[in-house]
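Subject: Two-chain model for you

Hello,

Here is the model I promised to pass on. Please have a look at it, then read my notes below.

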Protein chains: 2
Amino acid sequence: MARTRFTAMNCPAARALDEIGDWWTLLIVREALYGTSSFSGFQDKLGIARNILTDRLNALVENGVLERRQTKPETERYAYVLTDKGRDLLPILVALMQWADRWVFGRGAEPLRVLDARTRSPIEQIVVSSRDGRKLSINDLRFRPGPGADQTTLARFAAARAMRSKPDKN
Amino acid sequence: MARTRFTAMNCPAARALDEIGDWWTLLIVREALYGTSSFSGFQDKLGIARNILTDRLNALVENGVLERRQTKPETERYAYVLTDKGRDLLPILVALMQWADRWVFGRGAEPLRVLDARTRSPIEQIVVSSRDGRKLSINDLRFRPGPGADQTTLARFAAARAMRSKPDKN
């Protein structure tokens with residue numbers, strides 16, 4: 001299965017998708033961010049089949065994105081609550097929403113407004129920025145092997161360097 | 001297929017995933033951001049089967065994320081180049097990478113370093129922020145129906161309001 005393939009990859013974007021890239025998984029995280037915590041709550045809001053929901057909730061608990069808490073002792077009722085790791089998915093979710101608002105729905109047709117609770121103004125656009133506050137595009141970035149780079153990653157960077165030093169680069 | 005189901009959804013995160021949520025699709029976008037543009041380039045870098053690559057490239061062109069350009073007249077060679085819509089996926093990709101660096105690989109084991117080309121320093125962490133520059137967590141946000149909210153979205157907000165006004169809210 002594709003999941004196994006990507007787990008082996010030394011790529012952080014692929015590994016993140018491996019844990020949350022499934023449509024249902026991200027929609028469950030979205031609901032959890034909105035405050036839903038019970039099995040029936042997720043089921044009602046998402047219209048998702050019980051077996052799929054069980055499967056995705058278990059995977060999210062196993063990956064440490066959700067924590068399962070027994071709500072009442074001696075009952076089988078559980079609440080599914082976001083961990084710090086899960087709450088930290090917020091920028092990804094907001095970035096996805098803003099991208100679709102801009103490029104899929106378009107200005108004036110956004111399904112949702114995300115407001116700053118204190119000022120009731122729209123929140124800021126999510127951007128990639130430098131430490132001194134400049135907005136960065138892809139041309140302003142350089143990728144280098146990190147401390148956890150494996151042989152494949154190192155080989156790719158070496159190949160890219162060799163390519164750049166050729167006079168007739170393609 | 002799941003794709004059809006979510007296309008109908010009035011949710012920007014789901015719609016964004018609908019266009020780029022497939023693992024291969026996002027890895028192709030990642031390669032395109034790194035500068036890969038030829039079919040054989042994507043094939044070499046990703047180790048992806050020809051038919052899957054053809055399928056995903058066609059979908060990305062159809063969705064306006066990539067543009068297909070004939071590189072030499074009278075040949076069948078094409079370059080696949082990111083459009084503005086495609087380049088605007090950068091914050092999503094960087095947010096995914098930073099999340100996995102933090103929560104999957106961990107400090108000191110990051111496979112890649114993303115640097116600001118001008119200063120050669122690491123880039124800033126991506127955050128959700130207010131227009132006046134405060135970092136916002138989920139508790140600092142309010143979601144409201146937008147101008148493009150459909151009946152389902154409006155009904156959900158109405159139900160959430162009714163729930164909040166009950167004395168014994170669950």
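The axes of helix H2 (residues 12-20) of chain A and helix H3 (residues 23-34) of chain B come within 10 Å, crossing at roughly 160°. Axes are lines fitted to C-alpha atoms, for helices over the stretch in contact, and angles run from 0 to 180 degrees between N-to-C directions. H2(A) and H3(B) are therefore roughly antiparallel (the term covers angles over 145 degrees). Their crossing is right-handed, meaning that the near helix is turned clockwise from the far one by less than a right angle.

This is a predicted model: local features need pLDDT of at least 70, side-chain atom pairs count only at pLDDT 80 or more, and totals for chains, interfaces and linings use all residues. Residues are numbered from 1 along each chain as its sequence is written, while chains are lettered from A and ligands numbered from 1 in the order in which they are written. Helices (H or I, at least four residues) and strands (E, at least two) are DSSP runs, numbered from the N terminus.

Which residues meet where H2(A) packs on H3(B)? Ala13(A), Ala14(A) and Leu17(A) face Trp23(B), Leu26(B), Leu27(B) and Arg30(B). Contact requires C-beta atoms, placed from the backbone, within 7 Å. Nonpolar covers Ala, Val, Leu, Ile, Met, Phe, Trp, Tyr, Cys and Pro; charged covers Asp, Glu, Lys and Arg; the others, Gly among them, are polar.

Now the whole interface. Chain A puts 72 residues into the contact, chain B 73. On the chain A side, H7(A) gives the most, with 15 residues. That side holds 44 nonpolar, 11 polar and 17 charged residues.

H7(A) is also mostly covered, with 13 of its 16 residues buried (20 or more other C-beta atoms within 10 Å; 12 or fewer is exposed, in between is partly exposed; C-beta atoms are placed from the backbone). Just after H7(A), Gly106(A) has a positive phi of about 90°.

Pairing needs at least two DSSP bridges. Arg113(A) has Arg144(B) as its bridge partner.

One last spot to check. Arg120(A) has a positive phi near 60° without being a glycine. Arg120(A) sits in the loop between S3 and S4 of chain A. It counts as exposed because it has 10 C-beta neighbours inside 10 Å.

Best wishes

Definitions and conventions. Parallel < 35°, antiparallel > 145°, perpendicular 65-115°, else oblique. Contact = placed C-beta atoms within 7 Å.
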